[in-house]
Amino acid sequence: MLCEEKGCVLKVIPINDAGELLMDEYEKLLSERTKFVSVVHVSNALGTINPVKDIITKAHAVGAKVLIDGAQASSHLTLDVQDLDTDFYVLSAHKLYGPTGMGVLYGKKEILDAMPPYRGGGEMIKEVTFEKTTYNELPYKFEAGTPNIADVVAVKNALDYIGELGKENIAAYENELLQYGTEALGEIDGLRIIGQAKEKVSVISFVVDGIHPQDIGVILDQQGVAVRTGHHCTQPLMKRLGLVGTSRASFAVYNTKEEIDKLVTGIRKVQKMML
Ligand SMILES: Cc1ncc(COP(=O)(O)O)c(C=O)c1O
């Protein structure tokens, strides 16, 4: 959108076949002309955890600002935006077991102070005359209109729930499921796991020889196993990997090894039906 609006040139950090960003290539892309760097903290399609701290440090060295999309990281990883020194960090509440249509935008105070409001409405003004309007302080300047108060309360409850479980405990359990799932799926002939980064969250994307991901999704669904199929809103990534899409199993705190066994049985059944 910025390219269309401002004529920016979009440059893309390439990845290796395991789904990891090529940091040497990233460094080559950076110059004093780089204004903005944006990456996902965790890839929704592959599960790769990107080395965001390093990415931020290198971007800052050339004077660029950084936005990290933490939609997929927030329920899996411990976050410290100050330690990361990121300029912006965004996340979605529904990925934290919270309500839809809600999220968090973190920005450094001095940057947000310098930015104009992007829309008008109740509470975002300090003083209004017909000659001139001054805007309210942060965060009200960016919170035009009566907010969605009920869902903000629900987001807090979701964050408390995760806090009570403990991010470290969540990560430890999900990693156990990831390892179990990686081994179990790895035993299926004709199945290839897409995304083999060393640093990964508990997401397994896979393809099965000769079967379209959509068929896998529908037949697994009939067996009570829910996977996501398709391009996962990452069409350029699918193109880079030469795939039409993948099927993706995401393991969360409420999942069990028995459910992974059910997934494996389900995929074998799909193969029997389709091949
Ligand atoms: C990495 C990433 N960014 C952004 C989004 C979109 O979030 P939202 O639907 O809240 O805009 C998703 C998932 O849908 C995601 O996985």
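Predicted model: local features only at pLDDT ≥ 70, side-chain atom pairs only at ≥ 80, totals over all residues.
Figure 1. The buried residues of the helix are Pro 213, Ile 216, Gly 217 and Leu 220. Viewed down the axis of H8, these buried residues lie within an arc of 100 degrees, and therefore they line one face of the helix. An α-helix has 3.6 residues a turn, so residues three or four places apart point the same way. The cover over the buried residues of H8 includes strand S8 (203-208), strand S9 (228-230), strand S10 (246-250) and H10. Asp 221 also belongs to helix H8; this residue counts as partly exposed because it has 13 C-beta neighbours inside 10 Å. A distance of 38 Å separates the C-alpha atom of Asp 221 from that of Lys 11, the two being 210 residues apart along the chain. Just after the helix, Gly 224 adopts a positive phi of about 80 degrees.

**Figure 2. Packing of helix H8 with helix H10.** Helix H8 (residues 213-222) packs with helix H10 (residues 257-274) at an angle of about 115 degrees, and the axes are 9 Å apart. The crossing of H8 past H10 is right-handed. From H8, the residues Asp 215, Ile 216, Ile 219 and Leu 220 take part, and they meet Gly 266, Lys 269, Val 270, Met 273 and Met 274 of H10. By class, the residues of this contact comprise six nonpolar, one polar and two charged.

**Figure 3. The buried side of helix H3.** In helix H3 (residues 52-61), the buried residues are Val 52, Ile 55, Ile 56 and Ala 59. They lie on the same side of H3 because they cover an arc of only 95 degrees around the axis. Their packing partners are helix H2 (23-29), strand S1 (36-40), strand S2 (65-69) and helix H4 (81-84). Gly 63 follows H3 and has a positive phi, near 85 degrees.

**Figure 4. Surroundings of the ligand.** Val 40, Asn 44, Asp 69, Ala 71, Gln 72, Ser 92 and Gly 103 surround the ligand. Two nonpolar, four polar and one charged residues form this shell.

Figure 5. Leu 138 and Pro 139 are joined by a cis peptide bond with omega of about 0 degrees. Pro 139 is located in the loop between strand S6 (133-135) and helix H6 (149-165). Glu 123, in the loop between helix H5 (109-114) and strand S5 (125-128), is a residue other than glycine with a positive phi, near 75 degrees. Glu 123 is classed as exposed because 12 other C-beta atoms lie within 10 Å. His 232 is likewise not a glycine, yet its phi is positive, about 55 degrees. The loop that holds His 232 runs between S9 and helix H9 (235-241), and His 232 counts as partly exposed because it has 19 C-beta neighbours inside 10 Å.

**Figure 6. The chain as the setting of the close-up views.** The secondary structure of the chain consists of ten helices and ten strands. Its C-alpha trace spans about 75 × 45 × 35 Å along the principal axes. Of the 275 residues in the chain, 25% are buried. Among contacts with a separation of 6 or more, 57% are between residues 24 or more positions apart.

Definitions and conventions. Residues numbered from 1 in each chain as written. Near = placed C-beta within 6 Å. Nonpolar A, V, L, I, M, F, W, Y, C, P; charged D, E, K, R; others polar. Axes fitted to C-alpha atoms, helices over the stretch in contact; angles between N-to-C directions. Helix = DSSP H or I, 4+ residues; strand = E, 2+ residues; numbered from the N terminus. Left-handed = near helix turned anticlockwise from the far one by under 90°. Contact = placed C-beta atoms within 7 Å. Buried ≥ 20, exposed ≤ 12 C-beta atoms within 10 Å, placed from the backbone. Arc of directions from axis to C-beta.
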